[in-house]
Amino acid sequence: MSTPRVAARALLVNATELLRRPGTERDIDIQISADTLGLADVRFHADDEISVTVHLESLIDGIVVLGSVDVPWHGACRRCLKPLDEHTVSDVDELYQTVVTNPDAFEIISDQLDLLPMVRELALLDAPEAPLCEPDCAGLCPVCGMDLNTGTCTCEAPVLPSVWDVLDQLKGVLPAESDGGPDTN
Ligand SMILES: [Zn+2]
Ligand SMILES: [Zn+2]
């Protein structure tokens, strides 16, 4: 039995050097396990590895973070229910600021960039909630449940009763219209 891991609650990058001189650059390439995100979300499995590959460059009023985040996700095709184990590569283009003046910027606290909120945001946003196995997945037959990607069945498409059928059925249930009612013409 493996010992339970304690997920890190932050993904900190020391930015002291970067903040000292605008124009300073640094590359970050780290792997974290998905449980670090601390998300109770069926799309992410605790043991999955998330790759964060970013380039940092300091400006006068902050640090620009450019690169990508590779997040594995799991789900089922919304049409044919086939299990899917895929991953999404999200582009990163973020700004971190010591004094936040840009409403979209993340805050730099104690000369440290915490990349975790950014990774969490991208994972939640870009991993699909209702994925498709293929853009043109044919789905399942609504009658017999056959996977129509693998062949065709002989079921007739279910026909919804027309409004006339419904009226015909009601005729037998409702009292017949009285003859000799007021003639509007
Ligand atoms: Zn499908
Ligand atoms: Zn069928």
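The four donor atoms around the zinc ion (ligand 1) subtend angles of 105 to 114°, which makes the arrangement tetrahedral. Donors are N, O and S atoms within 2.8 Å of the metal (3.2 Å for Na, K and Ca). This is a predicted model, where local features need pLDDT of at least 70 and side-chain atom pairs count only at pLDDT 80 or more. Residues are numbered from 1 along each chain.

The donors of the zinc ion (ligand 1) are the SG atoms of Cys77, Cys80, Cys133 and Cys137, at 2.2 to 2.3 Å. Their spacing in sequence is C-x2-C-x52-C-x3-C. Cysteine 77 and cysteine 137 link distant parts of the chain, 60 residues apart. Helices (H or I, at least four residues) and strands (E, at least two) are DSSP runs.

How exposed or buried are some of the residues? Buried means under 20% relative accessible area, exposed over 50%, and partly exposed in between (1.4 Å probe, protein chains only).

| Residue | Relative accessible area | Class |
|---|---|---|
| Cysteine 77 | 1% | buried |
| Cysteine 137 | 5% | buried |
| Valine 163 | 54% | exposed |

Valine 163 lies in helix α3.

Now the sheet. Five strands form an open sheet in the order β2-β3-β4-β5-β6, with mixed pairing. β2 (25-33) and β6 (106-107) stand at the edges, each with a single partner strand, so one side of each has no neighbour in the sheet. Two strands pair if DSSP finds at least two bridges between them. β2 and β3 (residues 49-58) pair in the antiparallel sense over nine bridges. Isoleucine 32 stands opposite isoleucine 50 in β3.

Terms used: Chains lettered and ligands numbered in written order. Heavy atoms only, no water. Tetrahedral: all angles 85-135°; square planar, octahedral: opposite > 155°, others 65-115°.
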